[in-house]
Amino acid sequence: MSQISARRQSTSHAAQDHWISERVFDWSGVATTHLRPTFFARWLVYPHFAREIWASKKIEFPFENGRHAPISSDDQGRVIAHLLAKPEGHGSKIYTLHGPVEMNHAEIAAAMSDVLERFIAYRNREVGLNEAAFAAFEGSDCMKCS
């Protein structure tokens, strides 16, 4: 499983590393299917994020207008189960896993507002501020989620 952005020419070192690891498996001769999921929908219910979002009524991340189609863990599980049960024909293939609707975080906040019947806003957070926020919950329940 790699990042959806895994590319040789990516500006992200992590995405480049994922692309390289996929190539290593391809070169090894071991039949491998590469999965590249997008942003997981489940992060919205991780204990730390859910408490923070509910308390502040806003989502704060440094994503500006970045778009993705969050995917549910159930949908990922169904794809993975199918590939494990019937691997024939999937070797060396790359599958991007994503949900049905591409949104930015302002649109995700609007969808949450509709479901929760409470206004949830999105605020772009500067990267430096984000690092401090992540340090604040290191070791919390959120880091134990899968």
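E102 is partly exposed, at 48% relative accessibility (buried means under 20% relative accessible area, exposed over 50%, and partly exposed in between, with a 1.4 Å probe and protein chains only). The model is a predicted one, in which local features need pLDDT of at least 70 and side-chain atom pairs count only at pLDDT 80 or more, while totals for chains, interfaces and linings use all residues. Residues are numbered from 1 along each chain as its sequence is written, and side-chain values use heavy atoms, with hydrogens and water left out.

The side chain of E102 meets that of R67 in a salt bridge (3.3 Å, N to O); a salt bridge is defined as a side-chain nitrogen of Lys or Arg within 4 Å of a carboxyl oxygen of Asp or Glu. R67 lies in the loop between β2 and α3 and E102 in the loop between β3 and α4 (105–116), so the pair ties together parts 35 residues apart in sequence. R67 is partly exposed, with a relative accessible area of 41%. The whole structure holds 8 salt bridges. Another of them joins the side chains of R125 and E60 (3.4 Å, N to O). R125 is in the loop between β4 (121–124) and α5 (127–136) and E60 in strand β2, so this pair ties together parts 65 residues apart in sequence. Both R125 and E60 are buried. In helix α3, D75 and R78 are 3 residues apart, about one turn of the helix, and form a salt bridge whose closest N and O atoms are 2.4 Å apart. D75 is partly exposed at 31% relative accessibility, whereas R78 is exposed at 54%. Salt bridges with shared partners also join E22, R23, D26 and R36 into one network.

The protein has 5 helices and 4 strands, and its elements run α-β-α-β-α-β-α-β-α from the N terminus. These are DSSP runs numbered from the N terminus, with helices (H or I) of at least four residues and strands (E) of at least two. Of the 146 residues, 29% are buried. Among contacts (heavy atoms within 4.5 Å) with a separation of 6 or more, 73% are between residues 24 or more positions apart.

Two histidines lie in loops. H68, between β2 (58–61) and α3, is buried at 11% relative accessibility. Beyond its neighbours within four places in sequence, H68 is in contact with T38, F39, V101, E102, M103, H105 and I108. The side chains of H90 and Y95 are joined by a polar contact of 2.6 Å.

There are 2 aromatic pairs, counted where ring centres of Phe, Tyr and Trp (its six-membered ring) lie within 6.5 Å; planes under 30 degrees apart count as stacked, over 60 as edge-to-face and the rest as tilted. The rings of W43 and F49 have centres 5.6 Å apart and planes at 90°, so the pair is edge-to-face. For Y46 and F49 the centres are 6.4 Å apart and the planes at 25°, so the pair is stacked.

Technical notes: A polar contact is a pair of N or O atoms within 3.5 Å; within protein, one must be able to donate a hydrogen and the other to accept it, and residues adjacent in sequence count only if both atoms are side-chain atoms.
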